[in-house]
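These are my notebook entries on one structure, written down in the order in which I looked things up.

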Amino acid sequence: MSKAHMFTQSVRSHVIASISIALAMAFVSPARADTHFLAPQTKIRVTVVQWIPSKGEYQQWGPISGEFTVSSVGTISLPLLGTISVTDTDDAGLATRIGEQLKDKAGLINAPSATVEILEYPPIYVVGSVTAPGEYKFRPGMTVLQALALGGGRYRGTTEGGDKGQIGMLGDLQTFREDILRTLARIARLQAESASAKEISFPVELTSSAADSSAQEVMAQEQIVFETRNNELKRQLDSLDELRNLFVSEIDILQKKTETLDNRIKLVSDELAGVRSLVERGIATVSRRSELELAVSNLQSNRLDEITATMRARQNLSEATRNALSLRDKHQTQVSVELQEAQANLERIKIKEDVIKKILVVSDAPLLGKRATENTVEPVLTFTIVRQIAEEAKEIAASEQTSLLPRDVVKVAISEPLKKQSSSTLMSRATQ
């Protein structure tokens with residue numbers, strides 16, 4: 001067999017192998033899953049509050065609020081409501097379901113406001129050709145590459161000069177970069193809330209053309225939070241405005257009733273003055289005078305009642321106004337505290353990122369390619385996700401950018417590497 005023929009066969013094999021890997025990766029979309037159903041072992045916090053318009057404040061339902069863990073059969077047990085299945089819903093859906101069930105259970109006109117916060121997701125598992133296989137904590141948006149970093153990278157023999165510490169630091173470095181983007185987006189959102197702006201002004205680190213898709217996703221998430229919090233504040237302020245308008249209308253009606261009573265008192269008083277003159281001359285009876293005096297007394301008493309009611313309505317109006325101002329102040333205080341915490345957290349993350357960068361530079365890591373030669377190649381890693389779908393474990397081919405779900409098992413395998421060849425060698429072989 002000629003060398004040219006052998007070369008042609010080698011190139012064909014390489015192409016077939018590349019196509020096979022690409023087809024395998026196509027089975028799993030690298031897109032992120034923003035919504036996760038509440039899987040078993042998920043720890044959540046349930047908070048239920050109800051808006052009391054007459055008091056201008058929220059009242060918390062203490063007995064049903066608290067922390068709960070999804071059972072192995074996909075249920076949670078709540079006080080008053082009993083066992084609720086959560087296998088087919090996410091945190092938002094569960095919050096809506098709790099509010100509706102409480103409405104029906106307690107016979108309320110409006111459902112109370114329920115929120116469900118995910119405290120801890122079920123773990124993921126990394127097995128196969130990794131340095132440190134085992135169980136690891138899941139974070140939303142986690143990819144196969146990040147799971148590989150948590151597992152210490154691919155397994156390396158003693159002759160390969162691998163350093164699992166450096167691989168772990170590279171994984172941490174990528175995590176810090178993502179945390180910086182998220183924190184920058186959060187700071188921009190809090191600054192917009194503090195300034196009562198209509199939209200968020202994101203920094204150039206997120207809006208530049210060099211920003212990846214994760215930056216776009218982070219901005220979209222913060223935009224949703226921004227709109228949700230603004231709408232919630234607006235609803236509360238609108239409720240207080242409606243209450244204030246009711247008190248204003250009540251005051252107006254009471255004032256008109258007082259004016260009417262004043263007119264009637266004047267008329268009856270004038271009539272009483274005439275009757276008194278007639279009584280003195282013996283034309284009118286004393287009983288008629290007494291009746292008019294009693295009528296004047298009753299009208300004056302009614303007038304005092306209307307004045308008292310007006311003063312009470314003015315007091316309620318003042319209280320509703322104070323509640324509106326207090327609500328704005330509390331919102332601004334909360335935003336300021338969160339903004340300070342986010343800015344401090346950003347500084348901490350940047351310091352950690354800078355430390356890892358300096359360590360990697362000083363260590364002169366072989367991961368950066370210093371010891372790599374022209375003919376040295378890294379093995380090809382293949383990834384498989386074992387995922388529980390409809391009570392059945394299914395294996396799915398994956399790539400480094402494939403997003404993970406809680407309870408996923410990531411299997412890492414090392415394929416036979418393709419040997420590198422210089423372009424001059426390939427050209428010489430092709431001409432032979």
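This is a predicted model: local features need pLDDT of at least 70, side-chain atom pairs count only at pLDDT 80 or more; totals for chains, interfaces and linings use all residues.

I began with strand β7 (residues 124-128), which pairs with β8 in the antiparallel sense over three bridges; strands here are DSSP runs of E with at least two residues, helices are runs of H or I with at least four residues, and both are numbered from the N terminus. I took two strands as paired if DSSP finds at least two bridges between them. Within this pairing, isoleucine 124 has tyrosine 136 of β8 as its bridge partner.

Residues are numbered from 1 along each chain as its sequence is written, and side-chain values use heavy atoms, with hydrogens and water left out.

Strand β9 (residues 380-389) runs antiparallel to β11 and is joined to it by seven bridges; valine 386 stands opposite valine 409 of β11. Put together, the strands form an open sheet of five with mixed pairing, in the order β8-β7-β11-β9-β10. The edges are taken by β8 (134-136) and β10 (392-398), each of which has a single partner strand, so one side of each is left without a neighbour in the sheet. Neighbouring strands of this sheet are turned by 25° against each other on average, direction ignored, where the axes are lines fitted to C-alpha atoms, for helices over the stretch in contact, and angles run from 0 to 180 degrees between N-to-C directions.

Arginine 407 is partly exposed because its relative accessible area is 35%; I use buried for under 20%, exposed for over 50% and partly exposed for values in between, with a 1.4 Å probe and protein chains only. Aspartate 408 forms a salt bridge with arginine 387, and their closest N and O atoms are 2.8 Å apart; the term stands for a side-chain nitrogen of Lys or Arg within 4 Å of a carboxyl oxygen of Asp or Glu. This pair links distant parts of the chain, with aspartate 408 in the loop between β10 and β11 and arginine 387 in strand β9, 21 residues apart. Both aspartate 408 and arginine 387 are buried.

A search of the whole structure gave me 20 salt bridges. One of them joins arginine 45 to glutamate 117, with the closest N and O atoms 2.8 Å apart; arginine 45 lies in strand β1 and glutamate 117 in strand β6 (residues 113-120), 72 residues apart, which again links distant parts of the chain. Arginine 45 counts as partly exposed at a relative accessible area of 29%, as does glutamate 117 at 43%. I also noted a network of salt bridges that links Arg189, Glu193, Glu222, Arg229 and Glu338.

Glutamate 353 counts as buried at 11% relative accessibility, whereas lysine 357 is partly exposed at 36%. Isoleucine 359 also has its place in helix α7 (residues 286-363), and its relative accessibility of 38% makes it partly exposed.

Of the contacts in the protein chain with a separation of 6 or more, 64% come from residues 24 or more positions apart, a contact being heavy atoms within 4.5 Å.
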